[in-house]
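The following exercises are to be worked with the sequence and the model in view. Each task is followed by a solution in steps.

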Amino acid sequence: KEQTREQAREHDQELRSMSAACHHATLRSNNMEKLGEEYKTLSRFVFILSRGAIGKLQRRCDDESRTNDQLTIKIQNFDRTLSSKCDEISTLEAKLNSFHDALQNSHKKIRRVTLENSAASSAHASEIGRARSQLSSLAAAAEATERK
């Protein structure tokens, strides 16, 4: 009987030990489930936050990409306008050079004509002087003839 009681106590002790271990395991299991749920919740929260942040970054990148595209188009338009204006300036420069050459040619012609006119004027003045001299001589001769 004593041995049976001892065995019963040992068996009871083992059962209590196993019961405590089971209770401890149940608590750990419940804690693990809670931690698992919290992990899932936090994971979802992090996922939602990251999606929001990624979405914001993506929108910002899209906005900056559109801005860059618009700036590229403006730069291309400005480049075309600038090129067109440079062509216009080249055309005006060519016309100006042509006008300058024509002006120089006209200046040369005016000088030549002025020199020719000056020479002709001198020649005419000499002829007029000779003609006056001859007229004076003729007038003197006519006067002398009249006196006689």
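**Exercise 1: A surface residue and its patch**

Val 46 counts as exposed, because its relative accessibility is 51%; the classes are buried under 20% relative accessible area, exposed over 50% and partly exposed in between, with a 1.4 Å probe and protein chains only. The model is a predicted one, in which local features need pLDDT of at least 70 and side-chain atom pairs count only at pLDDT 80 or more, while totals for chains, interfaces and linings use all residues. Residues are numbered from 1 along each chain as its sequence is written, and side-chain values use heavy atoms, with hydrogens and water left out.

Task: locate Val 46 and state which nonpolar surface patch contains this residue.

Solution. 
1. Val 46 belongs to helix H1, residues 2-147. Helices (H or I, at least four residues) and strands (E, at least two) are DSSP runs, numbered from the N terminus.
2. Together with Phe 45 and Leu 49, Val 46 makes a nonpolar surface patch of about 300 Å². Patches consist of residues with over 30% relative accessible area and no salt bridge, like charges being joined within 9 Å and nonpolar side chains (Val, Leu, Ile, Met, Phe, Trp, Tyr) within 5 Å.

**Exercise 2: Overall form**

Solution. 
1. The secondary structure comes to one helix and zero strands.
2. Along the principal axes, the C-alpha atoms fill a box of roughly 210 × 20 × 20 Å.
3. Of the 148 residues, 1% count as buried.
4. A pair of positions illustrates distance along the chain: Ser 133 and Lys 74 are 59 residues apart, and their C-alpha atoms are separated by 85 Å. Ser 133 lies in helix H1 and is partly exposed, at 41% relative accessible area.

**Exercise 3: Salt bridges**

Task: state how many salt bridges a search of the whole structure finds, and describe the pairs Lys 40 with Glu 37, Lys 85 with Glu 88 and Glu 143 with Arg 147.

Solution. 
1. Side chains of opposite charge can pair when their charged atoms come close. The criterion is a side-chain nitrogen of Lys or Arg within 4 Å of a carboxyl oxygen of Asp or Glu, and the search finds seven salt bridges.
2. In the bridge between Lys 40 and Glu 37, the closest N and O atoms are 3.9 Å apart. Both residues lie in helix H1, three residues apart, about one turn of the helix. Lys 40 is partly exposed at 44%, as is Glu 37 at 46%.
3. Lys 85 and Glu 88 meet at 4.0 Å, N to O. Because they are three residues apart in helix H1, about one helical turn separates them.
4. Glu 143 and Arg 147 form a salt bridge at 2.9 Å, N to O. Being four residues apart in helix H1, these two are separated by about one helical turn. Glu 143 is partly exposed at 45% relative accessibility, whereas Arg 147 is exposed at 67%.

Definitions and conventions:
Areas by Shrake-Rupley, 256 points an atom, 1.4 Å probe, with all protein chains shown as cover.
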